[in-house]
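This report covers nonpolar cores, aromatic pairs and a nonpolar surface patch.

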Amino acid sequence: MNGREAMSSKDMIALENEEARYDSSRFGLSILEQIMSVILNHRYLALSIIAGSLVLGLLLTFIATPQYTSTARIEILPDAPVSTSVAGERERSLINEVAFYNTQYSLLESRSLAERVVRAGNLTANEEFLRLFKLENPEGALSSAQRESLTTNAAMVLLDRLTVSPMRASSLIDVSFSTPSPALSAKLTDLWVTQFVQSNIDRRFAATSDARKYLEARLDTLRQNLETSERGLINYATSRGIVTISSKADANGNTQSETLVGTDITEISRALGRAREQRIATEAELSNTLTGAGQANAQTIVGLRQRRADLEAELARQRVTFGDDYPTVVSLRAQVANLDRSLSAETGRSKQGNQEAYNAALKRERQLQTELDQLTDKYNVQQRDSIQMAILQREVDSNRQLYDGLLQRYKEIGAAGVGTNNISIVDRAKVAGSPSSPNLQLNLVLALLPGLILAVGLAFFLERMDSSVRDPQEVGARFGLPLLGAIPESVDKDVADAIVDKKSPIYEAYFSVMTNLTFLTEHGAPRSIMLTSSRPKEGKSNSSLSVATVLAATGKSVVLVDSDIRNPSLNRYLDIPMQRGLSHYLAGDDHVDEMIMPLKKFGFSIITAGKKPPNPAELLGNDRLAQLIEILLRRYDHVLIDAPPLLGLADAPLIAQRVEGVLFVIEANVTKGRAVSTALTRLRMSGARLFGAIVTKVGAKNQVYGYGYGYGYGYGNEATKDGN
């Protein structure tokens with residue numbers, strides 16, 4: 001039963017979650033560091049793709065047909081430029097101008113213009129044009145359908161070869177054609193800009209002609225409508241007795257009319273006001289004899305009153321001297337009486353004049369009031385009729401305004417005609433002296449860009465698909481194992497030779513592993529340790545050899561047992577003879593001393609795997625292995641077990657139950673995370689104690705994670721004998 005079959009559903013879920021966490025966090029580096037890592041890891045693939053892209057671009061450049069480009073420049077001015085300082089108006093002007101130029105660019109690239117150029121240049125009969133663009137021209141006369149099809153195909157060819165390039169911040173536009181013939185390119189370019197200018201003139205003429213015809217028809221209709229509405233207005237006014245004195249148009253073009261009745265009412269109202277004032281004045285003068293109409297007798301009355309006063313004074317003086325019977329007194333008294341009668345007569349005449357004046361004013365006022373009332377009644381009747389008349393008047397005004405507006409527009413079109421053309425040719429096309437394409441440098445750049453994108457994309461894809469251990473520090477987060485050491489890749493010599501050199505990076509790395517082992521238990525480094533891995537060739541045997549060597553260098557007695565009885569490798573790696581070993585002891589041979597072989601070069605002893613048995617799992621599962629470990633622990637300070645790989649075999653979990661703990665070896669950049677997780681799950685399910693992990697063969701690919709200093713990492717191949 002393999003490791004995947006031994007896992008429960010809970011373990012499977014834990015494994016999936018573990019891998020998902022790693023996948024989202026493995027690139028916990030800056031963008032620059034990630035790019036450096038990808039470049040280092042896949043540099044040969046990236047360089048191959050980039051080189052292939054450049055070679056492809058070079059080949060395409062050499063086999064491409066040379067193209068000659070001719071360019072003409074035209075100027076397009078807006079029809080109605082607007083100059084204003086008002087922000088809103090200026091903004092709308094800019095929007096309209098942008099829309100205008102976008103329309104012109106579309107017209108320059110229109111299919112109708114292309115077909116016009118084909119017809120104007122008779123390109124369907126141009127043998128050079130047809131030959132260069134592989135257009136078939138049937139022999140003999142062409143039918144209308146064939147000619148139309150050929151014209152359409154030729155127009156599509158022109159549109160494919162056309163380039164319209166507006167010049168920034170100007171009204172200039174460059175029009176270019178690229179063909180295999182320099183003369184044909186110049187001819188097509190000139191044809192295109194010439195026909196564009198001519199088509200603009202044709203559109204303006206057609207628009208003017210159509211506008212005149214339309215306005216003439218509309219004017220005739222509006223003239224008839226205006227005459228009909230005016231006739232209806234006059235007939236209605238006549239039938240209702242409405243006499244219009246004057247009329248004028250207001251600011252909105254509406255007609256304001258003044259009728260005869262309205263004018264009469266105004267005049268009579270004024271006259272009535274004056275008569276009322278006259279009547280009030282004469283009424284106030286009724287009791288006064290010296291004003292108003294009685295003013296004519298005022299001087300006589302004043303004279304009589306003065307004369308009477310004088311006589312009264314003389315009479316009084318005479319009475320003082322003479323009696324009442326005195327003739328002079330009697331005479332004076334008679335004169336006073338005569339004067340009184342004269343004053344009474346004159347005063348009566350004065351009052352009578354004022355009364356007559358008042359009566360005349362009152363009569364005049366009443367006559368005017370009666371006439372005003374009659375006109376008012378008549379005006380009210382006309383006012384009711386004026387509602388319909390106002391409706392008719394508005395209809396007349398509307399028809400007149402429409403007619404006058406269209407008439408003015410018609411006169412303007414007639415005066416302006418087609419107008420000034422706003423498109424002009426600035427530079428004519430010239431025959432190109434050298435080809436514009438293919439451009440070797442440009443093609444290489446264009447080939448390099450997709451090559452770079454493909455190389456980087458593929459490299460990142462492979463990087464994302466790679467679940468191997470790149471950063472040794474991630475074994476804790478990914479697999480729940482402490483990192484005991486990161487072992488550099490040995491390039492120039494075997495690990496067996498490097499481990500005996502205390503100045504080598506290999507020795508320093510394994511010495512660090514040994515130092516970390518001393519902190520794992522209360523009694524220091526574990527006495528019995530099994531080293532295993534998920535798959536072969538991960539450096540497990542090298543690690544067993546190296547840990548044993550470093551422990552022995554500290555003065556400890558160490559024995560290394562090769563428990564991979566299926567595929568023993570230590571004897572081949574160390575070039576020692578195969579003798580009685582572990583398989584013999586497990587089979588019942590108790591001569592342990594004869595199985596132990598001292599290795600003076602490394603300072604420890606070794607028990608080889610022995611001969612390959614037919615039933616390795618059964619041998620490793622019995623109690624003989626535990627007995628051997630107890631015997632060895634009584635003789636040595638440390639017993640190291642070089643166990644088989646985990647995946648696909650049941651040997652390692654059986655051995656793990658017999659030792660104090662397990663060191664798990666992981667090869668950097670190679671072993672997949674799923675394989676490591678599955679192997680660890682099998683170990684944990686067996687009840688083994690996992691001390692930690694040793695990451696081996698840390699090389700140039702891991703420099704971005706900080707594993708490169710002091711180890712002398714290179715880019716060479718692995719050692720010829722890297723152990724399993």
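A nonpolar core is a set of buried Ala, Val, Leu, Ile, Met, Phe, Trp, Tyr and Cys residues joined through side-chain atoms within 4.5 Å. The model discussed here is predicted.

**Cores.** The largest nonpolar core has 45 residues, and the members that touch the most others are M530, L582, L632, F664, I666, L680 and L683. Among the contacts of L680, neighbours within four places in sequence left aside, are F479, L481, F664 and L690. In soluble globular proteins, nonpolar side chains tend to be buried together.

**Aromatic pairs.** Six aromatic pairs occur in the structure. Two of them are listed below.

| Pair | Geometry | Centre to centre | Angle between planes |
|---|---|---|---|
| F100 and Y101 | edge-to-face | 5.3 Å | 75° |
| Y101 and Y105 | tilted | 6.3 Å | 35° |

F100, Y101 and Y105 make up one aromatic cluster. Y101 and Y105 are separated by about one helical turn because they lie four residues apart in helix α5 (residues 87-108). F100 is buried, at a relative accessible area of 16%, and Y101 is also buried, at 8% relative accessibility.

**Surface patch.** L56, L58, L60, F62, I63 and L440 make a nonpolar surface patch of about 610 Å². Helix α4 (residues 43-63) supplies the largest share of this patch, with five residues. L58 is placed in helix α4, and its relative accessible area of 32% makes L58 partly exposed. Patch residues need over 30% relative accessible area, so L58, at 32%, passes that cut-off.

Methods. Residues are numbered from 1 along each chain as its sequence is written. This is a predicted model: local features need pLDDT of at least 70, side-chain atom pairs count only at pLDDT 80 or more; totals for chains, interfaces and linings use all residues. Side-chain values use heavy atoms; hydrogens and water are left out. Patches are made of residues with over 30% relative accessible area and no salt bridge: like charges are joined within 9 Å, nonpolar side chains (Val, Leu, Ile, Met, Phe, Trp, Tyr) within 5 Å. Accessible areas come from the Shrake-Rupley method with a 1.4 Å probe; for residues, only the protein chains shown count as cover. A salt bridge is a side-chain nitrogen of Lys or Arg within 4 Å of a carboxyl oxygen of Asp or Glu. Helices (H or I, at least four residues) and strands (E, at least two) are DSSP runs, numbered from the N terminus. Buried means under 20% relative accessible area, exposed over 50%, partly exposed in between (1.4 Å probe, protein chains only). Contact means heavy atoms within 4.5 Å. Rings of Phe, Tyr and Trp (its six-membered ring) pair if their centres lie within 6.5 Å; planes under 30 degrees apart count as stacked, over 60 as edge-to-face and the rest as tilted.
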